[in-house]
Amino acid sequence: MEVIEAIKSRRSIRHYTSQPVSGDSIALIIEAGIWAPSGLNNQPWRFVIVQSKEKKEELSQCTSYARIIKESQVCICVFYHIPSGYNRDKDILGIGACIQNMLLAAHSQGLGAVWLGEILNKKQNVNELCGLSNDYELMAVIALGYPNEKGNSTRHPLEHFIIKTL
């Protein structure tokens, strides 16, 4: 899949089939994430993979999007490892790039994924569920599986976004 085609065709997918996602696919998605740029190459991201039905049920209690988590085959919790950081703003931007790489990698494998952010309202609950210290700050949960829907989206024309050319 060409990069621009992947960027333009990737959609947030919130409904999944019951087909399992292989460990190799999960590893490839995370590997794509860790190749994102980061300030001073500090790579401040860390991950918790949630696959068991019981743990997904617990995780689902931390968000109003519980159905998505329960229906997904895998959830990848993306954390900011605070001790690895050097500039919070830049570190969080890098983690955003990491997440985008992961979403594109999932799409390139025929998987559907969605970046869940509302769950950040219960960061501490997720840390406790994952058995993590406060050295880790939840940045997102990526729910994924084989798509059981076709996403759609539109964008404003390019001119809408360009303020001026200097």
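In the predicted model, the side chain of Ser25 makes a polar contact with the side chain of Gln109, at 2.9 Å. Ser25 is placed in helix H2, which spans residues 23-34, and is buried, with a relative accessible area of 9%. When residues up to four places away in sequence are not counted, Ser25 touches Gln109 and Leu111.

In soluble globular proteins, nonpolar side chains tend to be buried together.

Strand E3 (residues 112-116) pairs with strand E4 (residues 136-145) in the antiparallel sense, over five bridges, and within this pairing Ala113 has Leu144 of E4 as its bridge partner. Because four of the five residues of E3 are buried, the strand is largely enclosed by the rest of the structure.

Helix H3 (residues 53-60) has Lys56, Leu59 and Ser60 among its residues, and these three are buried. Seen down the axis of H3, the buried residues fall within an arc of 100°, and they therefore line one face of the helix. The elements against which these buried residues pack are strand E1 (45-50), helix H4 (66-71), strand E2 (74-81), helix H6 (123-130) and E4.

The cysteines were examined for disulfides, and the count comes to zero. For Cys62, the closest cysteine sulfur is that of Cys130, and because the separation is 8.7 Å, against a cut-off of 2.5 Å, the two are too far apart for a bond. For Cys75, the closest cysteine sulfur lies in Cys77 at 6.6 Å, which is likewise too far for a bond. Cys62 counts as buried at 7% relative accessibility, and Cys75 counts as buried at 0%.

Conventions: Residues numbered from 1 in each chain as written. Predicted model: local features only at pLDDT ≥ 70, side-chain atom pairs only at ≥ 80, totals over all residues. Heavy atoms only, no water. Buried < 20%, exposed > 50% of the residue type's maximum accessible area, 1.4 Å probe, protein only. Helix = DSSP H or I, 4+ residues; strand = E, 2+ residues; numbered from the N terminus. Pairing = 2+ DSSP bridges. Arc of directions from axis to C-beta. Contact = heavy atoms within 4.5 Å. Polar contact = N/O pair within 3.5 Å; in protein donor to acceptor, adjacent residues only side chain to side chain.
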